[in-house]
Amino acid sequence: LVSCFTVGQHNGLQHLRCDLHRLDEGPSVQTVLTREDGLRYYRTMQTMRRMELKADQLYKQKIIRGFCHLYDGQEACAVGIEAGISPTDHLITAYRSHGYTYTRGVSVKEIMAELTGRSGGVAKGKGGSMHMYAKNFYGGNGIVGAQVPLGAGVALACQYQGKNEVCVTLYGDGAANQGQIFESFNMAALWKLPCIFICENNKYGMGTSVERASASTDYYKRGDYIPGLRVDGMDVLSVREATRFAADYCRSGKGPILMELQTYRYHGHSMSDPGVSYRTREEIQEIRSKSDPITMLKDCMISRNMASLEEIKDIDATVRKEIEEAAQFATSDPEPPLEDLCKHIFYNDAPLEVRGTHPWMRLKSIS
Amino acid sequence: YSSSDISDHISVTVRDALNQALDEELERDERVFLLGEEVAQYDGAYKVSRGLWKKYGDKRIIDTPITEMGFAGIAVGAAMAGLRPICEFMTFNFSMQAIDQVINSAAKTYYMSAGLQPVPIVFRGPNGASAGVAAQHSQCFAAWYGHCPGLKVVSPWSAEDAKGLLKSAIRDDNPVVFLENELMYGVPFEMSEEAQSKDFLLPIGKAKIERQGNHVTLVSHSRMVSLCLDAAAVLAKEGIECEVINMRTIRPLDAEAIETSVMKTNHLITVEGGWPQFGVGAEILARIMEGPAFNFLDAPAVRVTGVDIPMPYAKILEDNSIPQIKDIIFSVKKTLNV
């Protein structure tokens with residue numbers, strides 16, 4: 001087996017070239033993929049994929065309730081971004097966040113138990129699908145667009161504290177028209193905040209296609225005075241290279257940069273959306289068969305003799321087992337105790353009395 | 001009168017007390033910084049941050065563009081990532097543009113994350129009616145913010161309140177909405193030696209009895225405390241002794257202090273500048289109904305509030321849109337049936 005190879009134009013792969021806005025140079029069109037990295041990216045993407053499909057199952061069994069926005073199809077974005085930054089960098093995203101929760105270090109077990117609302121969930125069952133957090137990961141945010149100023153604020157803290165860290169701030173094609181995003185662009189550019197704004201363009205904001213929502217669908221140009229690049233979000237290496245480029249740009253003190261990742265979600269907007277009233281099944285099938293990020297990486301590695309089919313199958317089996325065990329935990333772990341109801345209102349505070357549903361119910365909040 | 005030697009008291013305006021609090025906390029903790037419109041080079045729209053930019057520079061005192069939703073969100077993000085921002089709204093009327101960041105990003109996050117993500121931030125600025133600024137610039141937001149779990153809401157009256165409570169707010173690890181009052185900025189108060197110290201803190205969530213009395217309890221916050229004390233002085237000449245409670249904090253509300261007082265005086269009147277419906281007074285009255293003090297009431301508790309209209313401009317109309325001393329006196333006499 002080959003231990004690494006260089007991916008580039010001479011191999012006939014056009015993936016790595018990006019469209020540029022206000023940039024003379026873009027990310028390198030050549031990159032090296034090591035066997036170790038390749039297998040890790042494969043395993044991570046496969047884990048995310050199977051985790052989301054398991055969530056789909058559990059939702060249909062009514063074991064997961066409320067909102068559930070699945071990420072399958074977009075795996076190369078989360079994995080590529082994480083490969084391009086360090087764990088000491090920061091990241092914030094919107095509600096389609098299970099993938100990022102995983103790449104930012106939360107176990108599948110804790111993610112699934114949060115979805116099922118159990119005490120073993122990363123937020124002890126109090127947050128749910130859209131409100132999971134970890135070190136240097138600020139969620140999971142439910143209000144469309146609100147996470148973008150937050151991300152710029154994290155970047156301000158990075159600059160203020162002088163540790164050469166950057167903040168990756170994600171939003172979707174639907175959120176891209178939010179006024180507060182333009183407010184964030186302005187301040188980030190003005191103050192040269194180390195913020196990588198990333199628009200994950202999966203072509204639909206809920207049921208509204210990009211053409212029906214945006215006067216300009218060149219999301220990578222919408223930062224105007226902020227340089228931008230448009231990247232193939234289905235190719236994990238393209239995403240990685242672009243992210244490395246963007247992170248270098250920010251760390252050099254030049255200010256913010258904007259990346260548009262062109263990607264696709266197989267599921268509807270959420271579990272309550274079949275996802276076929278505003279797009280065709282043919283379109284979904286076409287992407288699945290021609291541009292699936294996991295299949296593409298697998299084929300790439302096998303065709304170049306970097307991994308064997310047996311190895312891949314082994315990884316698949318291991319992942320399947322991990323997901324099954326996590327689902328087992330998520331369905332058997334108890335719900336949070338009622339004593340938790342009023343906890344975590346304030347941090348570092350004396351116990352507080354909390355009014356219950358009637359005057360005789362006097363609850364206590366312990367921080 | 002204070003029992004200590006009055007010669008160590010000095011006269012300090014509310015504005016200067018706030019300025020001192022900001023200065024002391026900026027000096028004490030380098031994670032603290034101030035951002036908002038005109039806070040730096042303009043010295044603050046109402047001069048509350050006078051001199052701070054000169055002393056601390058661009059890194060700690062940040063002028064923002066006129067983009068409330070954006071800079072409030074940036075402030076919250078900075079708090080999540082380890083800093084301790086003070087986000088100024090030029091007036092709280094403009095906070096409506098940013099209210100999603102205050103409530104959904106700041107107030108709820110510690111709970112939603114089950115304790116993983118605290119948000120140590122202060123949102124401050126002038127609140128409520130001013131003079132001649134008309135409807136869009138005169139709203140009181142005490143009830144709106146006071147409604148939400150996860151927030152602390154503070155409403156100082158005196159210079160001592162302003163300093164001690166702002167310092168506590170900045171040191172608090174939770175989101176605090178700090179409601180100042182433009183008409184109070186220039187009002188001087190005696191400040192004790194203790195209050196002048198750099199470590200002077202007042203606890204959030206504890207009311208103060210500004211004047212003791214046996215006949216009726218007047219509960220108020222911010223500028224209306226002045227009116228209550230003025231009304232009490234007039235009533236005292238007729239032999240009616242009012243107990244005036246300065247709430248200091250809207251949320252968490254010091255219901256116990258109010259109940260203790262009502263159990264002594266048997267009469268309650270709340271006084272606020274904001275609108276009546278679903279307001280601060282409405283909450284206090286509901287709690288009294290539901291608590292131990294109800295049985296001690298000799299008359300229904302009532303509220304004195306702003307008139308239920310958008311604030312008009314013409315002086316005669318504006319003057320009659322908010323409680324006047326005569327309204328408090330009238331209500332006291334009605335309640336006491338004299």
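Asp89(A) is buried, because its relative accessibility is 0%, under the 20% cut-off. This is a predicted model. Asp89(A) sits in a loop of chain A, between α2 (75-84) and β4 (90-92). Which residues touch Asp89(A), once neighbours within four places in sequence are set aside? They are Arg104(A), Asn136(A), Asn164(A), Glu165(A), Val166(A) and Arg251(A).

Arg22(A) lies between β2 (19-21) and β3 (31-34). Is Arg22(A) buried or exposed? Its relative accessible area is 56%, so Arg22(A) counts as exposed; the cut-off is over 50%. The backbone of Arg22(A) also deserves a look. Its phi is near 55°, a positive value, and the residue is not a glycine. Most residues other than glycine have a negative phi.

Chain B has a residue with a positive phi too. Arg248(B) is not a glycine, yet its phi is about 60°. Find Arg248(B) in the loop that runs between β11 (242-246) and β12 of chain B. Arg248(B) is buried, because its relative accessibility is 6%.

Move on along chain B. Pro252(B) belongs to the loop between β12 (249-251) and α10 (255-265). The peptide bond that joins Arg251(B) and Pro252(B) is cis, with omega about 0°. Most peptide bonds are trans.

Now step back to the whole of chain B. Its secondary structure consists of 13 helices and 14 strands. The C-alpha trace spans about 60 × 45 × 45 Å along its principal axes. How does the radius of gyration compare with that of a compact globule? A compact globule of 338 residues would have a value near 20 Å, and chain B has 20 Å, so the two agree. Of the 338 residues, 59% count as buried. Contacts also reach across the sequence. Among those between residues at least 6 apart, 81% join residues at least 24 apart.

Then the surface. Chain B has an accessible surface of about 13,400 Å², and carbon and sulfur atoms account for 54% of that.

Last comes the contact between the chains. Chain B contributes 46 residues and chain A contributes 36 residues. About 3,600 Å² is buried between chain B and chain A, with 67% of it from carbon and sulfur atoms. Which residues of chain B lose the most area to chain A? They are Ile74(B), Tyr111(B) and Met112(B), together 19% of what that side buries.

Note on methods: Residues numbered from 1 in each chain as written. Chains lettered and ligands numbered in written order. Predicted model: local features only at pLDDT ≥ 70, side-chain atom pairs only at ≥ 80, totals over all residues. Heavy atoms only, no water. Helix = DSSP H or I, 4+ residues; strand = E, 2+ residues; numbered from the N terminus. Rg over C-alpha atoms; globule rule 2.2 N^0.38 Å. Buried < 20%, exposed > 50% of the residue type's maximum accessible area, 1.4 Å probe, protein only. Contact = heavy atoms within 4.5 Å. Areas by Shrake-Rupley, 256 points an atom, 1.4 Å probe, with all protein chains shown as cover. Buried area = accessible area lost by both parts, 1.4 Å probe.
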